[in-house]
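Student: I'd like to go through this one by asking where each label comes from. Can we start once it's on the screen?

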Amino acid sequence: MGAKLSRVQVIAAYPITPQSKIPETLVKYVDSGELEAEFIRVESEHSALTVCISASTVGARVFTATAANGLAYMHEQLHWAAGARLPIVMALANRGLGAPWTIFNDMQDSISQRDTGWMQVYCRDNQEILDSILMGYKICEQIHVPMMVCFDGFVLSHTVMPVEIPEQKQVDRFLPSYVPHLQVDGPEPININPVMLAEPRDNARGVACPSYMGFRMRLQETLESAGEVIRRVGGEFGEIFGRDYECLLWEYRTEKADTILLTMGSLANEASLAVDMLREKGYKAGVIGLRVFRPFPAEKLRQALAGAKQVVIFDKNISYGYEGATCTETKAALFEGGLHPYIANYIVGLGGKNVVASDLEAATLEVLENKGRVNGPKWLGVAV
Amino acid sequence: MSTVLKEEKIINVTWHGRGGQGGVTAAMILAEAAYIDGYKGVTAAPFFGVERRGAPITATTRFSRTPIRTLTPTAKAEVVVVLDERLMQAVDILRGLKPDGLLILNSSSPPEKFCTDMDIAVATSDANSIAEEIGLVVAGTVLINTSLLGAFSRASGLVSMESLEKAISKNFNPKAAQLNIRGARLTYEATRINRVWQLSSPGV
């Protein structure tokens, strides 16, 4: 629906559970003429993203969606899309990776693509998915960086809940049609993305071009300032649609909290119930949900955690041999700010393992009572 | 008229059926009806798994006066709806029902047949015969899922028939909607209860 309202022009996707409903729905819109777009059927995810890259390169607004091994199969082209600075928006139904096979939810798939240069936004509910797609195009087309809109597979993708669908007219006002910065023109052929050398050199037309590293530095610089763009667009969105996204992270009851539960996606909502339970017992607990994971909101996180004595981080992913990704990132952000709260890391919900508020509460109580004794990440509720 | 719930109270409804019976669809239509009825928080979800025709499946509907923050499967429901009474022998259905909950079955038997030593209320309605009689049959399968929504409205008093009919209309073409609404109305009328069910602790 977000893609339809964004008036995407080219869609290429390959079905994979739990994403299948997205291409199925979009192809119906295209067939019925409700959406004036080309749906290009492909034989794999690698080709799906390649089609999107090609169409985006010649100036189309493009959309794709995938999950798990499908995203892993796109890996090479993810780097290309970011390096070529293409404003592609992708819907990602977070799912665990095989082996062993799972079709269920965790965030190992998107976290594994952390370093491809894509922005990553995580949604707490289905309204946020729709809204994030609409904002995604506006953000991507301003800074020419692609974005993954990530949401928990099954937990969100297969749950029905109320979603306010904005009027097309309103969306058109917020998101005008895409004006590409480059259009390939028949009579004037150009060579896009040729081999770059280590040093700057003139291109075939005699225009001085940066080196490979120069290009890469520009991508980093853009992402460093992307947080501000995401916030600004989130604010503009709020003005038009009444739902404010002028933030990189969500906070719940964090005022004067000394214990913070930190997580991403729909688990941030579940954690808010755990915090209500902890507050009832007299603990000063709050939740931070990371809405944006790339660019990493280090500065905002430092501000939000300035008063925390302990941070309990719940990761639906793990960097094997170390710990959960949001734990590592949070520690790095705090180190720079000279903050040293006690940090505990729980690995939760891999492969669809159910996580309920009382689990999160129990884990937090364990940290509060056993402070200092927990070394390395702990696995929540695993009976082997 | 629908029962007035206190703010945070969530009504959990678990649907038991067989793959192909439309339990997931019924769960979703009930969520839509509850939303139309004025509940601000509603969700519906299948039990995430690998469904196939004929196998036991479950689905969940939740509704509340305030937005719902949990998406985890329901452990103990206030209301359990059983689309195929033979599932009572195959699945431990009562384990997923609160001790003072409401059990609704598609059955021609009187509700007393399903009473246990638990303090549950039981409602039965012969949706099968009703659906068959009015021709709610597609490709040889008698469709009872929407009809049982009528029994839900009657026995629980939580969602009005008016809202249910609106939700049904949104999910079918006009002709099919009319038939499904008729099934729901007749099943509503034919619902038998062992006692009037009331939420014992509406503030919890």
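Tutor: What follows is a run through the terms used for this structure, each set against its definition.

Tutor: This is a predicted model, in which local features need pLDDT of at least 70 and side-chain atom pairs count only at pLDDT 80 or more, while totals for chains, interfaces and linings use all residues. Residues are numbered from 1 along each chain as its sequence is written, and chains are lettered from A and ligands numbered from 1 in the order in which they are written.

Student: How many helices and strands are there in chain A?

Tutor: Chain A has 13 helices and 15 strands. Helices (H or I, at least four residues) and strands (E, at least two) are DSSP runs, numbered from the N terminus.

Student: And why is chain A called as compact as a globular protein of its length?

Tutor: Its radius of gyration is 21 Å, close to the 21 Å that the globule rule gives for 384 residues, so chain A is as compact as a globular protein of that length. The radius is taken over C-alpha atoms, and the rule is 2.2 Å times the number of residues to the power 0.38. The C-alpha atoms of chain A fill a box of roughly 70 × 50 × 45 Å along the principal axes.

Student: What does the globule comparison give for chain B?

Tutor: A compact globule of 204 residues would have a radius of gyration near 17 Å, and the 15 Å of chain B agrees with that. Chain B has 6 helices and 9 strands, and its C-alpha trace spans about 45 × 35 × 35 Å along the principal axes.

Student: What makes helix 5 of chain B roughly antiparallel to helix 6 of chain B?

Tutor: Helix 5 (residues 161-171) of chain B and helix 6 (residues 174-190) of chain B pack at about 155°, with axes 9 Å apart. Because of that angle, the two helices of chain B count as roughly antiparallel. The classes are: under 35 degrees roughly parallel, over 145 roughly antiparallel, 65 to 115 roughly perpendicular and the rest oblique. Axes are lines fitted to C-alpha atoms, for helices over the stretch in contact, and angles run from 0 to 180 degrees between N-to-C directions.

Student: Which residues of helix 5 of chain B meet helix 6 of chain B?

Tutor: Met161(B), Leu164(B), Glu165(B), Ile168(B) and Ser169(B) of helix 5 meet residues of helix 6 including Ala177(B), Ile181(B) and Tyr188(B). Contact here has C-beta atoms, placed from the backbone, within 7 Å.

Student: What domains does the assignment give for chain A?

Tutor: Domain 1 (2-161 + 168-174) and domain 2 (249-379), with bounds from an automatic or database domain assignment. Their centres, taken over C-alpha atoms, are 28 Å apart, and 23 residues of domain 1 are in contact with 19 residues of domain 2. Strand 5 of chain A gives the most to the domain 1 side, with 4 residues.

Student: How many residues does each chain bring to the contact of chain A with chain B?

Tutor: Chain A brings 17 residues and chain B brings 14. Helix 10 (residues 267-280) of chain A gives the most to the chain A side, with 4 residues.

Conventions: Contact = placed C-beta atoms within 7 Å.
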